[in-house]
Amino acid sequence: MAMGKTPGDPDGNGEDVGFAEINITPLTDIFLVLLIIFMVTSSVIVQQAPGGAQTGLKVNLPKGGTTDVTARATDLSVAVLVDGRFVLGGNVVSEDELKRAFAKAQQENPDTIVIVQADEGVPHGTVVLVMEMAKSVGLGQLAIGVRDSR
């Protein structure tokens, strides 16, 4: 009588060898940790705009030829969104709050530059309104933020 091989017996010597199993739990844990790290770092990168200004909102700036103004820590960067809202320091503010922030900045440093970053779809009158608010409290150095055309 011939002895046949059993499925768990590769050599045919009667010893039962178990099936090799791959444990993917540690691999899954590593991927989840990496996913969390990438999510946190990408949200930090998105919230930081060039020049240290933090808006946290995407503004579709018009293209411009040159950039003459480099933002300093004391400068105010005001984003005007397409729906007419004003964003200062990452927070949506009203016209009155914006005017108070301009007045406070003028008291702290009269040479503060107000950088207006308006979306391409914002009416010209809204940009002029922001500039007039800054000029009315004594901030005469104004700049318009554009994206590099290169």
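This is a predicted model: local features need pLDDT of at least 70, side-chain atom pairs count only at pLDDT 80 or more; totals for chains, interfaces and linings use all residues.
Setting aside its neighbours within four places in sequence, phenylalanine 102 is in contact with Leu76, Val78, Val114, Val130, Met133, Ala134, Val137 and Leu139.

Now step back to the surroundings of this residue. Phe102 is, together with Leu98 and Val130, among the residues with the most contacts inside the largest nonpolar core, which has 20 residues. At least two residues of this core come from each of these elements: strand S2 (76-80), strand S3 (86-88), helix H2 (95-108), strand S5 (113-118) and helix H3 (124-136). Which element gives the most to this core? That is H3, with 5 residues. As a general rule, nonpolar side chains in soluble globular proteins tend to be buried together.

Next, follow strand S2. Here 5 of its 5 residues are buried. In a regular strand, side chains alternate between the two faces of the sheet. In S2 both faces are covered: Leu76, Val78 and Val80 are buried on one side, and Ser77 and Ala79 are buried on the other.

Which way do the partners of S2 run? S2 and S5 run parallel, joined by 5 bridges, while S2 and S3 pair in the antiparallel sense over 3 bridges.

Terms used:
Residues are numbered from 1 along each chain as its sequence is written. Side-chain values use heavy atoms; hydrogens and water are left out. A nonpolar core is a set of buried Ala, Val, Leu, Ile, Met, Phe, Trp, Tyr and Cys residues joined through side-chain atoms within 4.5 Å. Buried means under 20% relative accessible area, exposed over 50%, partly exposed in between (1.4 Å probe, protein chains only). Helices (H or I, at least four residues) and strands (E, at least two) are DSSP runs, numbered from the N terminus. Contact means heavy atoms within 4.5 Å. Two strands pair if DSSP finds at least two bridges between them.
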